[in-house]
Amino acid sequence: MGFAMRTISMLEEWETGVRCAVRFPIHLPIRVIASGEEYHAESENFSSNGVLFRLDRAIRAGTAVEFLVQIPGGIIGMQQAAAIHCIGRIVRTFVENGACYAAAVIDEYRF
């Protein structure tokens, strides 16, 4: 007897509230570049699919982004620090308690 696996897209996840990846609450400063502008941000959480940022100002959904994450040694089991360059896109934005947030899908990354 077999079974079929079904993956859930991030859009379905937000619409249904069903999470398809575990979120890790890691708060790191991040430099985000979008449409030729630099945004100062802090990560709220990471998953295998993407990241949730708290930004210094609003950014629109659908915007292509690049960002650099510098992970200090020892934070996620790695002995040394690591820098990860990510390319993705903003899929959701919201404002909460006066702070701007944006969720990004990571389309590609490199160390």
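A residue is buried under 20% relative accessible area, exposed over 50%, and partly exposed in between (1.4 Å probe, protein chains only). E38 falls in the partly exposed class, with a relative accessible area of 34%. This is a predicted model: local features need pLDDT of at least 70, side-chain atom pairs count only at pLDDT 80 or more, and totals for chains, interfaces and linings use all residues. Residues are numbered from 1 along each chain as its sequence is written, and side-chain values use heavy atoms, leaving out hydrogens and water.

**Salt bridges**

- The count is six salt bridges (a side-chain nitrogen of Lys or Arg within 4 Å of a carboxyl oxygen of Asp or Glu).
- E38 pairs with R31, with the closest N and O atoms 3.5 Å apart.
- R31 is partly exposed, at 45% relative accessible area.
- R57 meets E37 at 2.9 Å, N to O.
- R57 sits in the loop between β3 and β4, and E37 in strand β2 (residues 37–46), 20 residues apart.
- E44 bridges to R54, with the closest N and O atoms 2.6 Å apart.
- E44 lies in strand β2 and R54 in strand β3, so this pair ties together parts 10 residues apart in sequence.
- E44 is buried at 16%, whereas R54 is partly exposed at 30%.
- Shared partners join E37, D56 and R57 into one network.

**Rings**

- The charged end of R57 sits over the ring of Y39, 4.1 Å from its centre (the rule: NZ of Lys or CZ of Arg within 6 Å of the ring centre and within 35 degrees of the ring normal).

Conventions
Helix = DSSP H or I, 4+ residues; strand = E, 2+ residues; numbered from the N terminus.
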